[in-house]
Amino acid sequence: MMVDKAIGNVNTSYSRLLQLQAQVSSGKLVTKPSDDPHRAARAVQLRSVTSSIERYISNADEVAMWLSVTDSALDKATNMLQRARELAVRGVNGTLSADERKAVAIEIDQILEEMVQVANTRQSQRYLFGGNKTRLAPFEPLRDPATGSITSVQYHGDDGQLTVEVSVGITMEATISGQDAFAGGVNIFDALISTRDHLLSGDTQALSNVDLENLERGLEQITARRAEAGARLARVELIQQRLEQDKLSFTEHLSNTEDVDIVDAMVKLKEQEHVYQAALAVAARAVQPGLVYLLK
Amino acid sequence: MRSTFFGIELMRRAMAASQRAMDVTGHNVANAETPGYSRQRVRLETTTPHTLAGVFRPQVAGQLGTGVQVVAIERVRDRFLDDQLRATNGWLGRWEAREEMLGQVEAVLQEPSELGLSGYMDRFFAAWQALSTTPEDMGARTAAIQESEALAQAFVMTRERIQAVREDAVTALRSDLSKINDLADAIVELNIEIARAVVVGDAPNDLLDKRDLLLDELSKLADISVGNANTGMINVTIGGRAIVLGNEARHLDLTIDPTTLDVSLNWGDGSPVNVRTGRIVGLISIINDTVPLYLDTLDELAKSIITEVNAVHASAYDLNGNPAGPFFTGSSAADIAVRADISEDPRLLGTSASPEATGDGSKAVEVAQLKDKLSMHSGVSTFGDFYSEFVSKVGLDSRAAKRAKEVYENVLESQEDRRNSISGVSMDEELMNMLKYQASYEAAARMITAVDEMLDRLINGTGVVGR
């Protein structure tokens, strides 16, 4: 009976030792739900939240990427329009010869071609300014069959925007409408085309009355869109910071929930080792000789 | 007058009794570690004394003792302790069986970790989030489909493996039942042998021990009560009906409902068996209640995911500009799968809210947002909440079983201690007895020598005057 008891004690002590060893070696406080059901459920939820946050972080990165691509495209467009306005101002000046005006018109035409390219900027298979019709080039130049120069530009896109969720229930548009930027209040292409044509025809009256005004308003229009992209970029950066902080705190929370406090666990393990040794020592004494040896 | 050789006969009896007692001591020592063995002891009594007849009777001290005899070899056992211990055994069996099976369910779930169903759900929603940022990208589409397939497979696998635990439990129940029936047969055989011995006035101690051991074993499987029948036989009842009736055993049968796969126990004649404790009760509760509940929970979750995702997907358009239709097929965790043509052609995945807008990921966002939608428990919890509640339920069930098992183990241990303190063999005690019986044997032998010397004096040393 004493022996049975001693064996039982050694076994109990040993299984406790094993459990602590498992905790220390796996680093996990809860290895199966029954270890602590509530903690386990909490860990499952926290892990899910952490996974969401990680995904939101990459979504926010994505939004930031699209917005900065948009920003740099609009930056290019702004510079080109500024240049076009300077050229138009020079064209209004009546002192230019016809050849000189023609040279200016050619440069405007180049700006027009480039502007179409900028408006058709593509980033990883997606046309930036075509709304959600991302597979078609949104701005199609129609050309004079004889001269090959652009006579008008047609828009094929739609109003849709790439919408990305960056936090629970918070979505952000990662793109700017091409329609609004290039063909909104003022159609920038038409303004460039008419500037070019009036330069060629020498109609300085129309240049100074209509075209300069339109180029000016076009510039304002693009700048306004760029400011919008910039504001969104700033906002997404704030969201990114907050998400990173959330990730940190939730990861810590998860770790607190399911990870072992290693110092605590080591101390307990050491303690349990001593208890086990003691149980073994007691067992060794329990198997002491009885009367049977003394009778010899 | 007493017989001349009376002293020799008296001492012969004493030596015989000492020998018997020594034999019993030896038997005890030999069986000290035999399971179920109860310590035996000899009951010594004086033999019938002589009333000496004689003319001068009143002057003679009456009734001369004639020595000692072994009237019985008794088993030291407390029937009350046996009953208590068997009741505990039944509860222990019940919780042990549950703990065993629930431990398997826990192992299937692999929570909390990345490998559990929750990890698959997280990755599923993350893939749809990723898809929403690049809806026209074939890589993102394929990834979303693969994660969706992984989720569907995880559901099917988890369900199958929990189902397998149920099948394990049925197998265990079958083997327990045949064990019960075998034990009943074995008890009947012992009953018959015991009756044979009792009829001729013997005490079949070792057979009784064996029968008690079988009863202990049986009590872990089902709650039994034991009653005495005539000539040392016993009756054993389960839920008020006899499984052993003297020299006759009855058997339990298992029936499985073909549609629900629920199990039930019945007597040969079809009437149900009422059991409250024992392994079989634990197993039946796993098979009929616990596992089906778990499976229903999984099915409910899978079904809601199918319904919700399909509702969004059906309102979306695929890359070809066609309505995307349902995304998942199936209606439960058993048959959930990604629609076959979608898993072959990622273009058929619906992400866009309009037929032309191929770059629109708003429907993918909606699918991803289902992660936080309160779709379960009639609109109070998310899929994740629902699942983690399930994990916690399994954990609680398993822990309850483990704790109850530990409690009954402790109770059983103390009851076994008490029984051992009564029925167990103490080596020291047996050795003391050995010394005692050895000494009394030697003393009897010495007495015989003394009587022998007296007779020698009488026969060879008396009346030899002048010889």
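At what angle do the axes of helix α4 (residues 138-199) of chain B and helix α5 (residues 205-221) of chain B cross? Before I answer, a word on the source. This is a predicted model, in which local features need pLDDT of at least 70 and side-chain atom pairs count only at pLDDT 80 or more, while totals for chains, interfaces and linings use all residues. Residues are numbered from 1 along each chain as its sequence is written, chains are lettered from A and ligands numbered from 1 in the order in which they are written, and side-chain values use heavy atoms, with hydrogens and water left out.

Let me begin with the helix pairs. Two packed helices are described by the angle between their axes and the distance between the axes. Helices here are DSSP runs (H or I, at least four residues), numbered from the N terminus. Axes are lines fitted to C-alpha atoms, for helices over the stretch in contact, and angles run from 0 to 180 degrees between N-to-C directions.

The axes of α4(B) and α5(B) cross at roughly 160 degrees and come within 10 Å. These two helices are therefore roughly antiparallel to each other (angles over 145 degrees count as roughly antiparallel, and those under 35 as roughly parallel). The crossing of α4(B) and α5(B) is left-handed, a term used if the near helix is turned anticlockwise from the far one by less than a right angle. Contact means heavy atoms within 4.5 Å. Among the residues that meet are I180(B), L183(B) and I187(B) in α4(B), and L214(B) and L218(B) in α5(B). The residues of this contact divide into 12 nonpolar, one polar and six charged. For these classes, Ala, Val, Leu, Ile, Met, Phe, Trp, Tyr, Cys and Pro count as nonpolar, Asp, Glu, Lys and Arg as charged, and the others, Gly among them, as polar.

Also in chain B, the axes of helix α1 (residues 6-30) and helix α10 (residues 427-460) come within 9 Å and cross at roughly 160 degrees. So α1(B) and α10(B) are roughly antiparallel, and their crossing is left-handed. Their contact holds 17 nonpolar, eight polar and two charged residues.

I turn now to the interface. In it, 44 residues of chain B are in contact with 44 residues of chain A. The buried area, which is the accessible area (1.4 Å probe) that two parts lose on being put together, summed over both, is about 3700 Å², and carbon and sulfur atoms give 55% of that. P112(B), T133(B) and E136(B) supply 17% of the area that chain B buries against chain A, more than any other three residues.

P112(B) itself lies in the loop between α2 (79-109) and α3 (117-133) of chain B. The peptide bond from E111(B) to P112(B) is cis, with omega near -10 degrees. Q110(B), in the loop between α2 and α3 of chain B, has a positive phi of about 50 degrees although it is not a glycine.

Finally, salt bridges: a side-chain nitrogen of Lys or Arg within 4 Å of a carboxyl oxygen of Asp or Glu. Across the interface the rule finds two. E114(B) and R47(A) meet in a salt bridge (3.3 Å, N to O).

Methods
Angles under 35 degrees count as roughly parallel, over 145 as roughly antiparallel, 65 to 115 as roughly perpendicular and the rest as oblique.
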